[in-house]
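Please read this briefing alongside the model, taking the topics in the order given.

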Amino acid sequence: LALREERRHVARFDTLSEETLGRLGSMNRRNDIIVDHYLENEAKYGKTLVFATCIDHAYLLRDKFRARGVNAEYVASRRPDGENIDEGEVLSKFRSFNSGLDVLINVQKMTEGTDLPSVETVFLAGPTNSAVLMQQMVGRAMRGPRVGGTPQAYLVSFEDHWEQFTDFERPFDLISELVDPFEEVALDIVEADEDIVDRVLDVVP
């Protein structure tokens with residue numbers, strides 16, 4: 001019954017349900033993999049923007065990063081922890097290279113309308129099959145020096161293997177004109193050249 005309902009939801013809305021995204025976000029081992037990978041590459045990743053599956057996932061990841069000694073915060077339309085924060089102050093700290101706040105977690109709040117030129121790495125910690133959303137998310141790290149961004153970008157996708165919903169497995173295939181489909185395997189640098197920047201800026205304010 002649950003699988004049938006999920007199929008109906010995907011067919012109607014072309015996205016996974018909040019329930020499924022919530023289950024993904026609550027997987028402890030999956031979250032450990034995300035944090036472990038960041039710690040293994042912390043020195044080179046710089047300012048890292050994480051796109052979580054849902055608000056509860058953003059909250060859980062924030063706590064996992066902090067438990068491992070990483071200064072992290074999340075921004076969301078609500079706060080499961082009930083904590084009051086100044087979102088503008090959080091974003092200001094994240095923009096500053098010397099603030100110590102190197103990991104910012106969100107769901108889709110940072111896809112547009114917010115300028116974060118210091119972002120060097122994007123973690124795609126939630127599935128998507130939207131090419132426009134993918135361009136917006138990876139575009140946060142691919143603005144390029146010409147518009148105040150970093151000269152290089154790291155794009156990291158944490159991909160789940162689906163038996164039923166295979167369209168969500170390989171998000172980089174959605175933007176193959178921007179990112180070589182094998183880049184995420186080798187975790188190579190994607191150079192933010194001017195041609196890529198121009199195409200990214202078409203969908204990233």
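Contact here means heavy atoms within 4.5 Å. Leaving aside neighbours within four places in sequence, Arg62 is in contact with Ala72, Glu73, Tyr74, Arg79, Asp81, Glu83 and Ile105. This is a predicted model, in which local features need pLDDT of at least 70 and side-chain atom pairs count only at pLDDT 80 or more, while totals for chains, interfaces and linings use all residues. Residues are numbered from 1 along each chain as its sequence is written, and side-chain values use heavy atoms, with hydrogens and water left out.

**Overall make-up**

- The protein has 9 helices and 6 strands, where helices (H or I, at least four residues) and strands (E, at least two) are DSSP runs numbered from the N terminus.
- Of the 205 residues in the protein, 49% are buried, a term that stands for under 20% relative accessible area, with exposed meaning over 50% and partly exposed in between (1.4 Å probe, protein chains only).
- Among contacts between residues at least 6 apart in sequence, 69% join residues at least 24 apart.

**Packing of α3 against α5**

- The axes of helix α3 (residues 28-40) and helix α5 (residues 55-67) come within 10 Å and cross at roughly 50 degrees; axes are lines fitted to C-alpha atoms, for helices over the stretch in contact, and angles run from 0 to 180 degrees between N-to-C directions.
- That angle makes α3 oblique to α5, since angles under 35 degrees count as roughly parallel, over 145 as roughly antiparallel, 65 to 115 as roughly perpendicular and the rest as oblique.
- On the α3 side the contact is made by Asn28, Arg30, Asn31, Asp32, Ile34, Val35 and Tyr38, and on the α5 side by His57, Leu60, Leu61, Lys64 and Phe65.
- By class, this contact of α3 with α5 has 6 nonpolar, 3 polar and 3 charged residues, with Ala, Val, Leu, Ile, Met, Phe, Trp, Tyr, Cys and Pro counted as nonpolar, Asp, Glu, Lys and Arg as charged, and the others, Gly among them, as polar.

- Not counting residues up to four places away in sequence, Phe123 touches, among others, Ile34, Tyr38, Tyr45, Leu49, Val156 and Phe158.

**Individual buried positions**

- Arg62 lies in helix α5 and is buried, because its relative accessible area is 3%; the C-alpha atoms of Arg62 and Val103, 41 residues apart along the chain, are separated by 8.5 Å.
- Gly25 belongs to helix α2 (residues 18-25) and counts as buried at 2% relative accessibility; beyond residues up to four places away in sequence, Gly25 touches Asn31, Thr53, His57 and Leu60.
- Leu91, in helix α6 (residues 87-95), is buried with a relative accessible area of 9%, and Leu91 and Leu104, 13 residues apart in sequence, are 8.4 Å apart in space, C-alpha to C-alpha.
- Once neighbours within four places in sequence are set aside, the contacts of Leu91 are with Leu104, Met110, Thr114 and Leu116.
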